[in-house]
Amino acid sequence: MDMLASAQSKKYPTSMEIYADKNVNYKTPQEALEFLQSRFGDAVTETELREYKEGVCQYSRWHLLLTVRRERFLDLVDALGELDFPHFHVTSGNDDGDAIRQIYHFSLFRREGRGKELTVTVTVRVPKTDLVMPSLHGRNPGVGFSEREMNEMLGVAHDGQPNTDLVFLPDGWDRAILPWRRDETGPEGKGVINELD
């Protein structure tokens, strides 16, 4: 069996399959925010809607920022999928002391034309006492590199991510050392950049 036939014989869930049959339900940025607030109530703990201008003609662009409780994260991504296909860009993160802030970057309504695309940033605070996030792999297998990066750099495991291999760090890296952490698990010693130097 050749490689193409082998790949076609396997069935992997994809975000396109999950969201493709849904009609685009375009909403203005304010309507999208209200839709999510009404659906999630107190589970969405912070919201902000920002407008900014781009290009010579100064087209409006909108950015919706949300903080959601971890246990409702996948539900929120599914709710984004009710509006439009949630185009995943990347995951970023930060060590906030007692928790890791995991930040997911999406966009909606990309095909609706200039001025209608909505950038959506979803933040989840993951306590250091329980550094596990639900994986987006079942909805979008393309998140693999981002989730693996958050694991190797900040120590956040993703329940449902089948690949936990290192992405950036060399083979044989001590997995107890987390390069982006600011606590005792961060790197120490020679070669570490000190902000005061």
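Modeller: A residue is buried under 20% relative accessible area, exposed over 50%, and partly exposed in between (1.4 Å probe, protein chains only). The model is predicted, so local features need pLDDT of at least 70 and side-chain atom pairs count only at pLDDT 80 or more, whereas totals for chains, interfaces and linings use all residues. Residues are numbered from 1 along each chain as its sequence is written, and side-chain values use heavy atoms, leaving out hydrogens and water.

Biologist: How many aromatic pairs does the structure hold?

Modeller: Rings of Phe, Tyr and Trp (its six-membered ring) pair if their centres lie within 6.5 Å; planes under 30 degrees apart are stacked, over 60 edge-to-face, and the rest tilted. The structure holds 3 such pairs. One of them is edge-to-face: Tyr26 and Phe109, at 4.8 Å centre to centre with 70 degrees between the planes. Tyr26 lies in the loop between helix 2 (15-19) and helix 3 (29-40), and Phe109 in the loop between strand 4 (99-108) and strand 5 (118-127), 83 residues apart. Helices (H or I, at least four residues) and strands (E, at least two) are DSSP runs numbered from the N terminus.

Biologist: Is Phe109 buried or exposed?

Modeller: Phe109 is buried, because its relative accessible area is 0%. Tyr26, at 28%, counts as partly exposed.

Biologist: Why is the pair of Phe73 and Tyr104 tilted?

Modeller: The ring centres of Phe73 and Tyr104 are 4.4 Å apart and their planes lie at 35 degrees, so the pair is tilted. Phe73 belongs to helix 4 (residues 73-83) and Tyr104 to strand 4, so the contact ties together parts 31 residues apart in sequence. Phe73 is buried at 0% relative accessibility, and Tyr104 is buried at 0%.

Biologist: Which residue lies over the face of Tyr26?

Modeller: A charge sits over a ring if NZ of Lys or CZ of Arg is within 6 Å of the ring centre and within 35 degrees of the ring normal. Lys116 lies over the face of Tyr26, 5.1 Å from the ring centre.

Biologist: How many salt bridges does the structure hold?

Modeller: A salt bridge places a side-chain nitrogen of Lys or Arg within 4 Å of a carboxyl oxygen of Asp or Glu. The structure holds 14, including Arg61 with Glu117 (3.7 Å, N to O). Arg61 is in strand 2 (residues 59-68) and Glu117 in the loop between strand 4 and strand 5, 56 residues apart; both are buried.
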